[in-house]
Amino acid sequence: LKSNPSNNEEKEAQTQLTKSDELQRLHSQALSAYQQEDYETAISLLDEILAVCVWDAELRELRAECYIKEGEPSKAISDLKAAAKLKNDNTEAFYKISRIYYQLGDHELSLSEVRECLKLDQDHKQCFSLYKQVKKLNKQIESAEEFIREGRYEDAISKYETVMKTEPEVPIYSTRAKERICHCLSKNQQATEAIKLCTEVLQLEPTNVNALKDRAEAYLLEDMYEE
């Protein structure tokens, strides 16, 4: 405005100034909603701001936090991925993405994200500690699956029992391990044990197709055709 106060530009500049004041007001409201733990309101305010300020990494990180609190991890991941690209050396974003994938049971993606964090800072304490945990779990699961491919079902069972000990805190890994152990028992003709374990999995996940198929195989071994 000061450098070139012609009519057209004055209008445009005034509009933009008004808009920026409005966005600052929305920003204050969003922060206040976040502090009051009203994450839904914070998200809708941040949506409005980010429609204009698309490249603001901090706002995306804040919205990701709100999504995490609201139990929408996959939306949080997409904001954090954008923040990781927008801000140099954003180890924090990679760490959070890796943690979310880990909690969701996607250990392979978790491993690749935590590696990105360590590429930026090999001494990052949180990333290194998560890396060790995910790498160990990943190796055990890969090894168990290798045993299954080779038909070494006893070995696979014992490896999956180790997986449950390695990660007792995140329930999805125990459920997956039980699902695979049930598969091994069924293949190994240990029908009674297979039925029991698959039933346990199906109580947690009634639509788990693999557990249904493996339990069906086990019922066949027992001549329980109706079941």
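This is a predicted model: local features need pLDDT of at least 70, side-chain atom pairs count only at pLDDT 80 or more; totals for chains, interfaces and linings use all residues.
Residues are numbered from 1 along each chain as its sequence is written, and side-chain values use heavy atoms, with hydrogens and water left out.

The largest nonpolar core has 62 residues, and those with the most contacts inside it are L46 and Y160. Such a core is a set of buried Ala, Val, Leu, Ile, Met, Phe, Trp, Tyr and Cys residues joined through side-chain atoms within 4.5 Å. Buried means under 20% relative accessible area, exposed means over 50%, and partly exposed is in between, with a 1.4 Å probe and protein chains only. Helix 7 (residues 125–149) gives the most to this core, with nine residues. Helices are DSSP runs (H or I, at least four residues), numbered from the N terminus.

Beyond its neighbours within four places in sequence, L46 is in contact (heavy atoms within 4.5 Å) with A30, L59, L62, R63 and C66. Helix 2 (residues 39–52) has 14 residues and reaches 20 Å from its first C-alpha to its last, close to the 20 Å expected at 1.5 Å a residue. The expected span is 1.5 Å times one less than the number of residues.

Three aromatic pairs are found in a search of the whole structure. Rings of Phe, Tyr and Trp (its six-membered ring) pair if their centres lie within 6.5 Å; planes under 30 degrees apart count as stacked, over 60 as edge-to-face and the rest as tilted. One of the pairs is that of Y102 and Y173, which is tilted, at 5.2 Å centre to centre and 35° between the planes. This pair links distant parts of the chain, with Y102 in helix 5 (residues 91–103) and Y173 in helix 9 (residues 171–187), 71 residues apart. Y102 is buried at a relative accessible area of 3%, and Y173 is buried at 3%.

The structure holds two disulfides, a disulfide being a pair of cysteine sulfur atoms within 2.5 Å. One joins C117 to C127, with 2.1 Å from S to S. C117 lies in helix 6 (residues 107–120) and C127 in helix 7, so this pair ties together parts that are ten residues apart in sequence. The link is right-handed, with 95° about the S-S bond, and both C117 and C127 are buried.

Another disulfide joins C182 to C198, with 1.7 Å from S to S. C182 lies in helix 9 and C198 in helix 10 (residues 191–204), so the pair ties together parts that are 16 residues apart in sequence. The torsion about the S-S bond of C182 and C198 is about -85°, so this disulfide is left-handed. C182 and C198 are both buried. With the bonded cysteines of the protein chain numbered in sequence order, the pairing is 1-2, 3-4. C66 is in no disulfide, and the nearest cysteine sulfur, that of C53, is 16 Å away. C66 is buried, at 0% relative accessible area.

The structure holds 16 salt bridges, each a side-chain nitrogen of Lys or Arg within 4 Å of a carboxyl oxygen of Asp or Glu. Among them, E116 and K119 meet at 3.0 Å, N to O. Both residues lie in helix 6, three residues apart, about one turn of the helix. E116 is partly exposed at 30% relative accessible area, whereas K119 counts as exposed at 64%.

E200 forms a salt bridge with K178, the closest N and O atoms being 2.9 Å apart. E200 lies in helix 10 and K178 in helix 9, so this pair ties together parts that are 22 residues apart in sequence. Salt bridges that share partners also join D47, R60, R63 and D79 into one network. R63 is among the contacts of L46.

Key
Helices (H or I, at least four residues) and strands (E, at least two) are DSSP runs, numbered from the N terminus.
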